[in-house]
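User: I'd like to learn how to read a chain–chain interface. Could you walk me through one?

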Amino acid sequence: MLAETLLPNGWLHYLLGGLFIGAGTVVIYATTGITAGASTFLESTLSYVSKRSRFQQFRFTSTRDWRVVFTLGIVLGGAIYGLTVGEFGWTTEVQWWRLLFGGVLVGVGTRLGKGCTSGHGVCGVGSLSETSLVNVATFVGIAIGTAQVVMALGVTP
Amino acid sequence: MAEETRSDGERHPLFMPAILLGGVVFGFGLGLSRMYRPEVVLRFLQLSDMGLLLVMGGASAVAGIAFAVLSRTGRSAPLTGAQFGKRVKSLDRNVVLGGGIFGVGWGVSGICPGAAYASLGVGNVTIVYALVGMFAGAYLQGYVRSTDDTGAAEVPS
């Protein structure tokens, strides 16, 4: 069956998880009007410790407190999942250097590109924002190409 | 767009609880959808499990419906007084360049900011490598970009 080829690990948890992710953004939007993304937390939090002009912009200093709360909420939500229906203490087998090196590029790219999978991918696509659609098409395409190269080089996991 | 308009002193007492609740629901969704596992994201990028499309599609559909409905009411957000609007970010070269860099990082590591926070909550201590990398990358781009005013007029979200 086609569905089993494309979705060998099932589909319901993916869809339900996506609906919860969307619901989380709606809770924030419906109460505050904010279309939140997860990556601005990186820069806004750096404003607490760096005096560089980039980090001291009003858009970071004026939102850094609630972005910390938003991120703590995400961590807490992950913990609630892990302790209830998930496996708390699960750890990735992806090698540390992939996480670190990939993480640096994610840090640079999400900030330079004005958002990530949540800001552009969920809120921006949901808004049918041209900027977000261009960004998402770019990062998904490049990421598939990169993952294919990494796989072809025989790097596992 | 849609930034909270009140200063810290007059913020609605339910502002932070609403942000926290939104983050918890968002993080729980990242758990349920298995996006906290770099392995699952990498399987999508290797084109062997298309589940991520259901996650992003479901999340952006929920967000998009709420954005469309609420922005048409002409009302403002109850906790901030901000007008309900869509996510507005300008489309320029950085959106494509940043998306490309993020794509390489996502393809190498299988991790993005929100999923990394949730992964930490699930108890995946190894993800700290990705988080350290993200902060380093965000600092690097902020350090470089502190010399100019690019993005200074960017609207927060």
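**Reading the interface of chain A and chain B**

Analyst: Between chain A and chain B, 36 residue pairs are in polar contact, both residues at pLDDT 80 or more; a polar contact is a pair of N or O atoms within 3.5 Å, where within protein one must be able to donate a hydrogen and the other to accept it, and residues adjacent in sequence count only if both atoms are side-chain atoms. Some ground rules: this is a predicted model, with local features needing pLDDT of at least 70 and side-chain atom pairs counting only at pLDDT 80 or more, while totals for chains, interfaces and linings use all residues. Residues are numbered from 1 along each chain as its sequence is written, chains are lettered from A and ligands numbered from 1 in the order in which they are written, and side-chain values use heavy atoms, leaving out hydrogens and water.

User: How many salt bridges does the rule find across the interface?

Analyst: The rule asks for a side-chain nitrogen of Lys or Arg within 4 Å of a carboxyl oxygen of Asp or Glu. It finds 3 between chain A and chain B. Among them is Lys114(A) with Asp92(B), whose closest N and O atoms are 2.8 Å apart.

User: What area do chain A and chain B bury between them?

Analyst: Interface size is often given as the accessible area lost when the parts come together. Here that's about 10,700 Å², 71% of it on carbon and sulfur atoms (1.4 Å probe, summed over both parts). Tyr29(A), Trp90(A) and Lys114(A) supply 7% of the area that chain A buries against chain B, more than any other three residues. By contact (heavy atoms within 4.5 Å), chain A brings 119 residues and chain B brings 117.

User: And how do I read a helix pair, say H8(A) and H4(B)? At what angle do they pack?

Analyst: Two packed helices are described by the angle between their axes and the distance between the axes. Helices are DSSP runs (H or I, at least four residues), numbered from the N terminus. Axes are lines fitted to C-alpha atoms over the stretch in contact, and angles run from 0 to 180 degrees between N-to-C directions. H8 (residues 130–152) of chain A and H4 (residues 93–109) of chain B pack at about 35°, axes 7 Å apart. Residues making this contact include Phe139(A) and Ala143(A) from H8(A), plus Gly99(B) and Gly103(B) from H4(B). By class, the contact has 12 nonpolar, 8 polar and no charged residues (nonpolar: Ala, Val, Leu, Ile, Met, Phe, Trp, Tyr, Cys and Pro; charged: Asp, Glu, Lys and Arg; polar: the others, Gly among them).

Definitions and conventions:
Helix = DSSP H or I, 4+ residues; strand = E, 2+ residues; numbered from the N terminus. Buried area = accessible area lost by both parts, 1.4 Å probe.
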